[in-house]
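I opened the model today to look up a few contacts and the packing around them. My notes follow in the order I took them.

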Amino acid sequence: MASNPPAKIPDLTGEDPQGAQRLRIRRIVVEPAAAGRRLDVYLAAHLPGVSRSRAKALIESGNVAVDDVRPKPSHAVRPGERIEVRIPSPVQHGEPQAEPIPIAVVYEDDDVAVVDKPAGIAVHPGAGRVGGTLVNALLAALPRLSGLDRMRPGIVHRLDKDTSGLLVVAKTDAAHHALAGQIRSRAAVREYTALLRGAVPWQERTVAAPIGRHPVHRRRMAVREGGREATTHFWVTERLGDFTLVRCWLASGRTHQIRVHAAHIGHPVAGDPVYGRRGELGLARQFLHASRLSFDHPRTGERLTFNSPLPADLQEALEALRRSRHRTSR
């Protein structure tokens, strides 16, 4: 039999102690029928738009109190307990809003989160794009984000819309400063897997060439005099006839950097609709994936390393190429 709805005190709106974000405050009194349920499961069932993972994150970040005590997500609720939930949300006009977009959070603590971004989603709002981005998804999935850039909360570095893979997200301003410094100093390692068109004549190569806005096609980037310094390291991992699988390391972080440098040396990324051939190998996007991310934790100093396997579309294209290569070599 369905349980009665919980007793609730009407929503309030307030400021958090640091004034960084306005809050929606929800207060719930646990009903008898809910006795024994996990707290994160209970909150997900009673807070509209809040998933279990979001509820767990709210609890772990100290935004939930049960009878004025900070609980664990596994806490078994008891009838009559009073639960207070603080749900941060952006309020300034024009700021990105939380949207329930599924994202894979592969690691999270009080300071940082690491997400595995799918292809097809932009990292943050931009010209003509106010929603449907990773930022909108992060605002819904995480209890707080750094506020150094209110239009790009939490964003320390970026990936192109159709590039998949790992990003680190800052949950506090201190973490944001520390992580940005690691990227500038190259202490943070960002490794990509890419498939280049052509049989490259080298095993490893470093491309140091400045990148700036294309003088004619303003939505494209190009190697050009007066551009910003950019360095990309390439290392061959597999030769596949007319294509070459490589690992790439960034020593800088310019827009479209790997794609521009690969095209500049005559071996564009396979399937790249801007700098190469759209639809190559049946791909709906460029074969580029942020496969490895390593950085020092901004508070503890512990070295953290994360790996992401190729997503299905890239793995399928690679396997088809390998099969084709095997048939022609027999």
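**Entry 1: His-297.** I started with a side chain. The side chain of His-297 reaches the backbone nitrogen of Arg-299 at 3.1 Å. I keep in mind that this is a predicted model. His-297 sits in the loop between E14 and E15. Is His-297 buried or exposed? Its relative accessibility is 4%, so His-297 counts as buried; the cut-off for buried is under 20%. I then listed its contacts, leaving aside neighbours within four places in sequence. His-297 is in contact with Tyr-107, Asp-109, Asp-111, Val-112, Glu-302 and Leu-304.

**Entry 2: Pro-298.** I moved on to Pro-298, found in the loop between strand E14 (288-296) and strand E15 (303-307). Pro-298 has 25% relative accessibility, so I noted it as partly exposed. Not counting residues up to four places away in sequence, Pro-298 touches Asp-111, Val-112, Ala-175, Ala-178 and Leu-179. Asp-111 and Val-112 are also on the list for His-297. Pro-298 and His-176 are 122 residues apart along the chain, and their C-alpha atoms are separated by 8.3 Å.

**Entry 3: Ser-146.** His-176 turned up again here. Ser-146 lies in the loop between H3 and strand E7 (164-170). Its relative accessibility is 2%, so Ser-146 counts as buried. Which residues does Ser-146 touch, not counting those up to four places away in sequence? I found Pro-153, Gly-154, Ala-170, Lys-171, Thr-172, Asp-173 and His-176.

**Entry 4: aromatic rings.** Tyr-107 was on the His-297 list, and I followed it up. The structure holds 3 aromatic pairs. In one of them, the ring centres of Tyr-107 and Phe-306 are 5.4 Å apart and the planes are at 50 degrees, so the pair is tilted. The pair links distant parts of the chain. Tyr-107 is in strand E5 (residues 104-108) and Phe-306 is in strand E15, 199 residues apart. I compared their accessibility. Tyr-107, at 26%, counts as partly exposed; Phe-306, at 13%, counts as buried. Tyr-107, Phe-295 and Phe-306 form one aromatic cluster.

**Entry 5: nonpolar cores.** I looked up the largest nonpolar core next, which has 47 residues. Which members touch the most others? They are Leu-138, Leu-196, Phe-234 and Phe-287. Helix H3 (residues 134-141) gives the largest share of this core, 6 residues. Phe-287 is in contact with Thr-193, Ala-194, Leu-195, Leu-245, Val-269, Ala-270, Leu-310, Leu-314, Ala-317 and Leu-318. A second, separate core has 17 residues, including Ile-28, Leu-39, Leu-43 and Val-85.

**Entry 6: whole chain.** I finished with the totals. The chain has 6 helices and 15 strands. Of its 330 residues, 48% count as buried. Among contacts with a separation of 6 or more, residues 24 or more positions apart account for 62%. The accessible surface comes to about 16300 Å², and 49% of it belongs to carbon and sulfur atoms.

Note on methods:
Residues are numbered from 1 along each chain as its sequence is written. This is a predicted model: local features need pLDDT of at least 70, side-chain atom pairs count only at pLDDT 80 or more; totals for chains, interfaces and linings use all residues. Side-chain values use heavy atoms; hydrogens and water are left out. A nonpolar core is a set of buried Ala, Val, Leu, Ile, Met, Phe, Trp, Tyr and Cys residues joined through side-chain atoms within 4.5 Å. Buried means under 20% relative accessible area, exposed over 50%, partly exposed in between (1.4 Å probe, protein chains only). Helices (H or I, at least four residues) and strands (E, at least two) are DSSP runs, numbered from the N terminus. Contact means heavy atoms within 4.5 Å. A polar contact is a pair of N or O atoms within 3.5 Å; within protein, one must be able to donate a hydrogen and the other to accept it, and residues adjacent in sequence count only if both atoms are side-chain atoms. Rings of Phe, Tyr and Trp (its six-membered ring) pair if their centres lie within 6.5 Å; planes under 30 degrees apart count as stacked, over 60 as edge-to-face and the rest as tilted. Accessible areas come from the Shrake-Rupley method with a 1.4 Å probe; for residues, only the protein chains shown count as cover.
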